Amino acid sequence: MSLGDHFRELRARLLRASLYIVLGTIVALFFWQQLFELIYQPYQDASRALNQKVQTQAVITGIGSPLLLQLKLCGVAGIVATSPLWLYELWAFITPGLHSNERRWTRLFALVAGPLFIAGVAVGYYVLPKGIAALIGFTPLQLTQLTEFGDFFTFITRMLLVFGVAFEIPLFIVMLNLAGVVSGKALGRHRPWIILGTFVFAAVATPSTDPFSMLMLALPMLVLIFISELIARLVDRRRARGRLDQDWDDDAASPL
């Protein structure tokens, strides 16, 4: 294909991906109330956890803010719900340029990446009430804490995104090992620094100051990183065994 044909194919696939997201957003509009209750639930749980120690209330300001909040929430839901479709369009555009062995590993990546991201989002959703309660708990007793719901929705979206992306890091480690960039021995040698870096990342990524939120992000990440180190060592062992079986002669000419 010529360069112009590649650009035309990319345009067609981007248009189809955008259409999927728009249709997903329209469908999500019919479930607006259920989606709102799903997002509002962590705030309610945090309010109950405070046990009326701090007066807090969720508000929304501005004439157009309710409509904007509804569109943003349904748009995010549409992107998440249609992710298999628009990811397929991106995959279908990239696949013809890959070798057969590269396609095999990228299929593995596409198969595992989705469940890992969803698992990270689920853990983040479970941690949210405790983190929100910790942040609201800094309010002086003489004051009432008013939570602007548009900012609250942005906070939740970023928090869940951080947890979802964090759960993808071990998968990238395995992919780097399969590409020959990182070895299992190197991961084991730097394990203390990896543990320290994971806890530092968890402390920075979680906006609340309570240790529970940090541990709920750091501990699953460490388990996944240790599993990725084990997989990397198994891959390195199989790769070394394959080199021994070939028994190359240093003086022999390459078939190429």
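Visitor: What volume does the second largest pocket have?
Guide: In this predicted model, the second largest pocket has a volume of about 210 Å³.

Visitor: Okay, and which residues are closest to its centre?
Guide: Of the 13 residues lining that pocket, Val112, Pro170, Leu171, Val174 and Ile231 are the closest to its centre.

Visitor: Which elements give two or more residues to the lining?
Guide: Those are α5 (100–136), α7 (169–178) and α10 (211–246). The largest share comes from α10, with five residues.

Visitor: How does the lining split by class?
Guide: There are twelve nonpolar residues, one polar and no charged ones.

Visitor: Switching topic: at what angle do α1 and α3 pack?
Guide: Helix α1 (residues 3–29) and helix α3 (residues 65–81) pack at about 125°, and their axes are 7 Å apart. So α1 and α3 count as oblique to each other.

Visitor: Is that crossing left-handed or right-handed?
Guide: The crossing of α1 and α3 is right-handed. On the α1 side, the contact is made by Ile21, Gly24, Thr25, Ala28 and Leu29. On the α3 side, Gln70, Cys74, Gly75, Ala77, Gly78 and Ile79 make it.

Visitor: And how many of those are nonpolar, polar or charged?
Guide: The contact of α1 with α3 has six nonpolar residues, five polar and no charged.

Visitor: What about α2 and α3, how do they cross?
Guide: The axes of helix α2 (residues 32–50) and α3 come within 10 Å and cross at roughly 90°.

Visitor: Why call α2 and α3 roughly perpendicular?
Guide: Because angles from 65 to 115 degrees count as roughly perpendicular, α2 and α3 get that label.

Visitor: Which residues make the contact there?
Guide: From α2 you have Trp32, Leu35, Phe36 and Ile39, and from α3 there are Leu69, Gln70, Leu73, Cys74 and Ala77. By class, the contact of α2 with α3 has eight nonpolar residues, one polar and no charged.

Visitor: One more pair: how do α3 and α4 cross?
Guide: The axes of α3 and helix α4 (residues 83–94) come within 5 Å and cross at roughly 60°. That makes α3 oblique to α4.

Visitor: Which residues make the contact in that pair?
Guide: Ile79, Val80 and Ala81 of α3 meet Ser83, Pro84 and Trp86 of α4. Of the residues in the contact of α3 with α4, five are nonpolar, one is polar and none is charged.

Technical notes: Residues are numbered from 1 along each chain as its sequence is written. This is a predicted model: local features need pLDDT of at least 70, side-chain atom pairs count only at pLDDT 80 or more; totals for chains, interfaces and linings use all residues. Side-chain values use heavy atoms; hydrogens and water are left out. Axes are lines fitted to C-alpha atoms, for helices over the stretch in contact, and angles run from 0 to 180 degrees between N-to-C directions. Helices (H or I, at least four residues) and strands (E, at least two) are DSSP runs, numbered from the N terminus. Angles under 35 degrees count as roughly parallel, over 145 as roughly antiparallel, 65 to 115 as roughly perpendicular and the rest as oblique. A crossing is left-handed if the near helix is turned anticlockwise from the far one by less than a right angle, and right-handed if clockwise. Contact means heavy atoms within 4.5 Å. Ala, Val, Leu, Ile, Met, Phe, Trp, Tyr, Cys and Pro count as nonpolar, Asp, Glu, Lys and Arg as charged, and the others, Gly among them, as polar. On a 1 Å grid over the protein atoms alone, a cavity is a set of points where a 1.4 Å probe fits but cannot get out, and a pocket is an open set with protein on both sides within 12 Å along at least five of seven lines; lining residues have an atom within 4 Å of a point. Grid points are joined across faces, edges and corners, and a volume is the space filled by probe spheres set on the points.
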